[in-house]
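The following paragraphs lead through a single protein chain, from its overall form to individual residues. Please keep the sequence and the model in view while reading.

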Amino acid sequence: MKNILVLCTGNSCRSQMAHGYLNLLASKKANIYSAGIETHGLNPGAVAIMKEDGINLTTHASNNVDEYKNINFDFIITVCDNAKENCPYLPSENAKRLHHNFFDPSKVNGTDSEKHDAFLKARNEIKAYCKNFVENYLSSDNL
């Protein structure tokens, strides 16, 4: 089993969505972890938008990256520029480090509909990225 860490600033939104999709798409091939360089708790908008797609995040926790310093990761995926630039050193020397700065829906101010659309946009971007990641890195040809 591969070990995958999804890393963001507060482990409340984008990394949680990616964690949910990777759990769904790669649970038989990898152990999925998510963390932040800080912990902000679960974002209710992220929980709600994932529920619309049949994924329950309510059992997730907002974790700090330091909790996982003793795990040897095969992949470390940063999902925001802040985490990429400010993440403490993780001693997974052989980890493939990937980065994609996803749109941050939690920064959108507006009507409920506008906020929903923002979370939907981020969710769809993250879902497509996770599908592509699993196909490119976790298919039987790449294991």
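**The chain as a whole**

The model is predicted: local features require pLDDT of at least 70, side-chain atom pairs count only at pLDDT 80 or more, and totals for chains, interfaces and linings use all residues. Residues are numbered from 1 along each chain as its sequence is written, and side-chain values rest on heavy atoms, with hydrogens and water left out.

Four helices and four strands make up the secondary structure of the chain; helices (H or I, at least four residues) and strands (E, at least two) are DSSP runs numbered from the N terminus. Read from the N terminus, the elements follow the order β-α-β-α-β-α-β-α. The radius of gyration is 14 Å, close to the 15 Å that the globule rule gives for 143 residues, so the chain is as compact as a globular protein of that length. This radius is taken over C-alpha atoms, and the globule rule is 2.2 Å times the number of residues to the power 0.38. Along the principal axes, the C-alpha atoms fill a box of roughly 45 × 30 × 25 Å.

Of the 143 residues in the chain, 45% are buried, where buried means under 20% relative accessible area, exposed over 50%, and partly exposed in between, with a 1.4 Å probe and protein chains only. Among contacts (heavy atoms within 4.5 Å) between residues at least 6 apart in sequence, 71% join residues at least 24 apart. The chain carries 15 positive and 16 negative charges, whose mean positions are 4 Å apart. Lys and Arg count as positive and Asp and Glu as negative, while His and the chain ends are not counted; each charge is placed at NZ of Lys, CZ of Arg, CG of Asp or CD of Glu.

**Strand E1 and the residues around it**

Strand E1 spans residues 2–8 and includes Asn-3. A polar atom of the Asn-3 side chain lies 3.2 Å from the backbone oxygen of Asn-72. Asn-3 and Phe-75 are 72 residues apart along the chain, yet their C-alpha atoms are separated by 6.6 Å. With a relative accessible area of 14%, Asn-3 is buried.

Leu-5 also belongs to strand E1 and is buried at a relative accessible area of 0%. Its contacts beyond four places in sequence include Tyr-33, Val-65, Phe-73, Phe-75, Ile-77 and Leu-90.

In the loop between E1 and H1 is Asn-11. Although Asn-11 is not a glycine, its phi is positive, at about 50°. Asn-11 is buried, with a relative accessible area of 0%.

At the start of H2, a side-chain oxygen of Asn-43 comes to within 2.7 Å of the backbone nitrogen of Gly-45. Ala-46, Val-47, Ile-49 and Met-50 are buried in H2, and the buried residues of this helix pack against helix H1 (14–26) and helix H4 (112–137). After H2 comes Gly-54, with a positive phi near 80°.

The loop between helix H2 (44–52) and strand E3 (75–78) holds His-60, which is buried at a relative accessible area of 15%. What does the side chain of His-60 meet in a polar contact? The partner is the side chain of Gln-16, at 2.7 Å. A polar contact is a pair of N or O atoms within 3.5 Å; within protein, one must be able to donate a hydrogen and the other to accept it, and residues adjacent in sequence count only if both atoms are side-chain atoms. Leaving aside neighbours within four places, His-60 is in contact with Gln-16, His-19, Gly-20, Asn-23 and Leu-42.

Ser-92 lies in the loop between helix H3 (81–86) and strand E4 (96–99) and counts as buried at 1% relative accessibility. Beyond four places in sequence, Ser-92 touches Ile-71, Asn-72, Phe-73, Ile-76 and Arg-97. Leu-138, in the segment after H4, is buried with a relative accessible area of 0%.
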